[in-house]
Amino acid sequence: MEPFNILIADPVDSYIIDKLSALELIRVRYEPNISRGELLQKIANYDVLIVRSRTVVDSEIIRNAKKLKIIARAGIGLDNIDLEEASKRGIKIVYAPGASTNSAAELTLGLIVTAARRIDKSMSYFREGKMEKVTGIELFGKTLGIIGYGRIGSRVAEMARAFGMNILAYDIIDVSNKVAFVNGKQVSLEELLANSDIITLHVTVDIKSRPILGEKEFSIIKEGSIVVNTSRAVVIEPGPLLEALNSNKVSCYAADVFWEGKSDVETKIYAHPNAIFTTHIGAQTKESQRRIAEMLVQNIIKEIGGVR
Ligand code: NAD
């Protein structure tokens, strides 16, 4: 039997490399910094490609991947993979849904608290030797609007309840029973935007997703709202967001995700005094990386058994 060739094209937990390398008839190549050009050249030799979010697996890569049978994403978002092209070629997709839910939800709460109290500003003042006060808002009694009430959205709701927040949720599927567990209510997007003090986004996106918050939506939100985004940047249109930040309609935008381009508007948002960013660390905890690794290895082994 021919050995199966696996290429790991992004940095992953060593568990994945060790476990897969220990299997019979499996050859693992670890190239965590591989460039797009190199990947385009080398991909034809591989049966399995493992990526995180750095490597974009678009139609060009997939067309060059003559032997590819499995694309594995060490994480949850599949927006860096052209799923349509992969499905046309019969390539299986393997990922680790749920493995980073708790870590991503905890980071979201961290961003909510940071934005509400501007902990970032106060810390910067202290480092600069200034003992200036920053007046924030309490979360207790405020309304949290959750857009996308799946694994992470619903976990955020549970945590926010501990702060005494009220929950509104918007989703394209019926999540009313799940929201009722936290005494919350599923509402339309308009109702959520008009009634939330803090809006947090947790929708899944694909390579073709359109923004959910644009000019019309920013016109509906409450004055001084906080917007938090740990899902993907594409769900927010940068132009209207910048206007909302400049007019203070959005008092703080806190995000763990970035637009792909570097347009003037996007650059202005990154530098805006009321926009705060973390470096895409939602899943970046020891616990989450290990859970992702274990789930991914299990799923890859299962799929290899199916396609061999
Ligand atoms: P999930 O599939 O469990 O939940 C997503 C929910 O969004 C579903 O209920 C779905 O019906 C809903 N949805 C999809 N499109 C929608 C739309 N247009 N409007 C309203 N609702 C919509 O996914 P999850 O595990 O909760 O992950 C949510 C997001 O978090 C994903 O985009 C994922 O990529 C991102 N994520 C980010 C990090 C990070 O490092 N920042 C870590 C993990 C996950």
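Strand β7 (residues 166-170) runs parallel to β8 and is joined to it by two bridges; helices and strands here are DSSP runs, H or I of at least four residues for helices and E of at least two for strands, numbered from the N terminus. One detail of this pairing is that leucine 168 has lysine 185 of β8 as its bridge partner. The model is a predicted one, with local features needing pLDDT of at least 70 and side-chain atom pairs counting only at pLDDT 80 or more, while totals for chains, interfaces and linings use all residues. Residues are numbered from 1 along each chain as its sequence is written.

Zooming out, β7 and β8 belong to an open sheet of seven strands, paired in parallel in the order β8-β7-β6-β9-β10-β11-β12. At the edges sit β8 (185-186) and β12 (275-277), each pairing on one side only. Pairing takes at least two DSSP bridges between two strands.

On to the ligand: its shell holds 29 residues, the closest being Gly77, Gly148, Gly150, Ile152 and Gly282 (C-beta atom, placed from the backbone, within 6 Å of the molecule). Helices α5 (101-117) and α7 (151-162) each supply at least two of the shell residues, and α7 gives the most, with three.

Seven residues of domain 1 are in contact with six of domain 2, contact being C-beta atoms, placed from the backbone, within 7 Å.

Notes. Two residues are in contact if their C-beta atoms, placed from the backbone, lie within 7 Å.
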